[in-house]
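Please examine the sequence and the three-dimensional structure shown here. The paragraphs after them are intended as a guided reading.

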Amino acid sequence: MEFYASTDFEEYPLPPRVFFTPHHGSASDPQQVHISIAGIDRIRVTWITDDKTVPSTVEYGTEPGTYLAKATGDNNSSYKFLPYTSGSIHHVSTGPLEPNTTYYYRCGGHGPEFSFKTPPSTLPLEIAIVGDLGQSDWTKSTLQGLGSKDYDLLLLPGDLSYANNRQPLWDSFGRLVEPVASRRPWMVTQGNHDMESYLVDEAESFMAYNARWLMPHKQSGSTSNLYYSFDVAGGVHIIMLGSCTEFELGSDQYKWLVADLDAIDRKATPWVIVSVHMPWYNTNYGHQGDGEGMRLAMEELLYRARVDVVFAGHVHAYERFNCCYLSLSNYFGSEVENLNCGILGCDSK
């Protein structure tokens, strides 16, 4: 198993400028296209159109311009936040698909052709990890780096667009990442900058995130899009936890995690990976202790399940720890390694 992360900076520079990525196509052209894993042999295609009459269909095949299969999604949807109204959001699950295969596809019967490659059915598996992406010059260089790698899927442990209530920045982010996110599955979890902070109800607090970045939570028995799990490459189980939703003993997320871990057959699953936004271990001054409550609630579950590695974001620095448990490094019998990766496009404020 290989992981990619970028650490090529010499000192912490000043926050970069934030930029807006416009849409240059027609109202019916697909925009903000990205894909995600929706089952062992399924890929979900998500996109947005300004034209609300465009059908939620994806035509696809293994040869450019030749679409021998067609999938239809649920009725397109949209949401409102204060004066903002989103475009039509389309989610379509394609498959069954062959592993490690390039498919060419078109969204809504209109616009350009895209392509994606499905993950392999067996190891080895190459995973890219990006934290706190944002929309800055750093983001652009990070996406350029991702575009040069032939990885199989990407994990993003929270803080996607840094919209911070500014809904058009969600649209801008989707357009910015489309050239990369339309080619490989992007599996994300939420961060504190992904919520609509004016709202109190949890479901509404992540209105934009939940509407735009639908993950396979139902397929993994979760009742919330804020935490879920999925299997890939025939031997890897990946758990995406939610730092910004309830995690205490007795909470829905806690009970779901117990059941999810109990169902893993470690003989058939040599790798168990967890991703979460707020790190449980952090030596930086910034955000010190933000993940401590979740660590106290859930660390023992991961330890007993012998989780291999935890990837986090939130802290804008790369940091890798020895195996830890109960705040002790190299604790006897511990196998859980923690890496903080929230550096790649951060400080989009």
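The account below considers a sheet, then the nonpolar core, and finally the cysteines.

The model is predicted, so local features need pLDDT of at least 70 and side-chain atom pairs count only at pLDDT 80 or more, while totals for chains, interfaces and linings use all residues. Residues are numbered from 1 along each chain as its sequence is written, and side-chain values use heavy atoms, leaving out hydrogens and water.

An open sheet is formed by four strands in the order β5-β4-β9-β10, with antiparallel pairing. Strands are DSSP runs of E with at least two residues, numbered from the N terminus, and two of them pair if DSSP finds at least two bridges between them. At the edges lie β5 (69-72) and β10 (114-117), each of which pairs on one side only. From one strand to the next, the twist averages 30 degrees, where axes are lines fitted to C-alpha atoms and angles run from 0 to 180 degrees between N-to-C directions. Strand β9 (residues 102-107) is joined to β10 by four bridges; Tyr105 has Phe114 in β10 as its bridge partner.

Tyr105 also belongs to the largest nonpolar core, which has 91 residues. Such a core is a set of buried Ala, Val, Leu, Ile, Met, Phe, Trp, Tyr and Cys residues joined through side-chain atoms within 4.5 Å; buried means under 20% relative accessible area, with a 1.4 Å probe and protein chains only. Among the members that touch the most others are Tyr105, Trp186 and Phe230. Helix α2 (residues 168-181) supplies the largest share of this core, seven residues; helices are DSSP runs of H or I with at least four residues.

How many disulfides are there? The count is zero, a disulfide being a pair of cysteine sulfur atoms within 2.5 Å. The sulfur of Cys324 is too far for a bond because the closest cysteine sulfur, in Cys323, is 7.4 Å away. Cys324 counts as buried at 7% relative accessibility, and Cys107 counts as buried at 0%.

Note on methods
Buried means under 20% relative accessible area, exposed over 50%, partly exposed in between (1.4 Å probe, protein chains only).
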